[in-house]
Amino acid sequence: MSLTIFQDSILAIKPKVTIIIPTFNRPWQLKRAIQSVLSQSFVDFELLVLDDCSGDETRLVVSGFSDERIAYIRHPSNLGFSGNWTYGVKIAKGEFISILGDDDYYKPDFIMNRINIFNMHSGIAAVTGDFDCHDVDGINIRRSKFISSNEEFFSDENLIDLALGSFGEWFNGATLYNASIYKSLWDSSIFAGTAVDLAMHINISLMPNARIAYIPFSDMVLSVHENQISIKSGMLMAENIALISVKFWHLNVKKNSKIRSRFKMKLSKNLNHYGRVLWDQCLYQQSSGVFMSELSINPYNLKTWLRLIRVFITKK
């Protein structure tokens, strides 16, 4: 079987923006996501719909749209989360890039709001904003965690704090990235699997002179439901975040005393969470290894020492 590509997807002229929608067996939610992109007030974009070997309904949904900016690409076998996303990032031609979940959708000015910021300010790595969380019935559950009531620019320690989630929510689906920066950091971020956005944002925050912009209003919707990857794979997500913690601590952060303390508490907390997830699953040997890793970062955490002692007592 070969790769399936249809519609006049591969635009001869380089688009300003690439929107990537990775999808797998969510045809009707995908339809809404595609429509939200095609309804954008900013029109200079390519839309890459990456089908990770879904059933026929997905292809039928995409074929219902007649727009030369759409590229539908169906893989002959399932590449999985990382493989599908990586394929899209590698072939994207836009100057700016965003990845939209197949169950999420944009409001009409999502791209325009971010392009305006990029046009007014040079040297920005990304523009992000607030988002709404809706349930399966379209009811608004909540808005993203408060960052600021004003347009803001983040750099240095403030950007690191934002990337680590010390305040607010920097969500990849609500972000338009400088594509050259995003691509240059992709290979060192995708190791995190389903937590790739966290790894990407930490990588961006550690770049010299990195700066991102924030707009204080919601122009995209995150769908919250039981079939989300982050909900279905809670242990995997915890594991990925823990792996990020260890890798960044040893490779990036430990040598830099200026930002060391900012990472220390957050990364220790991530490891602690994963250790407790393993504990709850009665995976005591694995949890002890994770708690030991946490103590290598924060050796003065008394609660973790007590948990580690409990692990060894339980194992006996």
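Across the whole structure, a search finds 11 salt bridges, a salt bridge being a side-chain nitrogen of Lys or Arg within 4 Å of a carboxyl oxygen of Asp or Glu. This is a predicted model, in which local features need pLDDT of at least 70 and side-chain atom pairs count only at pLDDT 80 or more, while totals for chains, interfaces and linings use all residues. Residues are numbered from 1 along each chain as its sequence is written, and side-chain values use heavy atoms, with hydrogens and water left out.

- Side chains of opposite charge can pair when their charged atoms come close.
- Asp 51 forms a salt bridge with Arg 74, and the closest N and O atoms of this pair are 3.8 Å apart. The pair links distant parts of the chain, with Asp 51 in strand S3 (residues 45–51) and Arg 74 in strand S4 (residues 70–74), 23 residues apart; helices (H or I, at least four residues) and strands (E, at least two) are DSSP runs, numbered from the N terminus.
- Both Asp 51 and Arg 74 are buried, where buried means under 20% relative accessible area, exposed over 50%, and partly exposed in between (1.4 Å probe, protein chains only).
- Asp 132 forms a salt bridge with Lys 107, the closest N and O atoms lying 2.8 Å apart. This pair also links distant parts of the chain, since Asp 132 is in strand S7 (residues 126–134) and Lys 107 is in the loop between strand S6 (105–106) and helix H4 (110–120), 25 residues apart.
- Asp 132 is buried, with a relative accessible area of 10%, whereas Lys 107, at 27% relative accessibility, counts as partly exposed.
- Arg 142 forms a salt bridge with Glu 169, with 2.9 Å between the closest N and O atoms. Here the link runs between Arg 142 in strand S8 (residues 140–143) and Glu 169 in the loop between helix H5 (156–163) and S10, distant parts of the chain that are 27 residues apart.
- Arg 142 counts as partly exposed at 35% relative accessibility, while Glu 169 counts as buried at 18%.
- Arg 26, Asp 102 and Asp 103 are linked in a network of salt bridges.

- The buried residues of helix H6 (residues 179–186) are Ala 179, Ile 181, Tyr 182, Leu 185 and Trp 186. Seen down the axis of H6, these residues fall within an arc of 165 degrees, so they line one face of the helix; the arc is that of the directions from the helix axis to the C-beta atoms.
- An α-helix has 3.6 residues a turn, so residues three or four places apart point the same way.
- The buried residues of H6 pack against helix H3 (80–91), strand S5 (96–99), strand S10 (175–178) and helix H7 (196–205), contact meaning heavy atoms within 4.5 Å.
- The face of H6 turned away from its buried side carries the exposed residues Ser 180 and Ser 184.
- Ser 180 counts as exposed at 53% relative accessibility, and its C-alpha atom is separated by 9.1 Å from that of Ala 125, a residue 55 residues apart from Ser 180 along the chain.

**Packing of H1 and H2**

- Helix H1 (residues 27–38) and helix H2 (residues 56–63) pack at an angle of about 25 degrees, with their axes 9 Å apart. That makes H1 roughly parallel to H2, a label that applies to angles under 35 degrees, with those over 145 counting as roughly antiparallel, 65 to 115 as roughly perpendicular and the rest as oblique.
- Axes are lines fitted to C-alpha atoms, for helices over the stretch in contact, and angles run from 0 to 180 degrees between N-to-C directions.
- Pro 27, Trp 28, Leu 30, Lys 31 and Ile 34 in H1 meet Glu 57, Thr 58, Val 61 and Val 62 in H2.

**Backbone with positive phi**

- Most residues other than glycine have a negative phi.
- Cys 53, although not a glycine, has a positive phi of about 65 degrees; Cys 53 is found in the loop between S3 and H2 and is partly exposed, with a relative accessible area of 24%.
- Asp 156, also not a glycine, has a positive phi of about 50 degrees; Asp 156 lies in helix H5 and counts as partly exposed at 45% relative accessibility.

**The chain as a whole**

- The chain has 12 helices and 11 strands, and of its 316 residues, 52% count as buried.
- Residues 24 or more positions apart account for 77% of the contacts in the chain with a separation of 6 or more.
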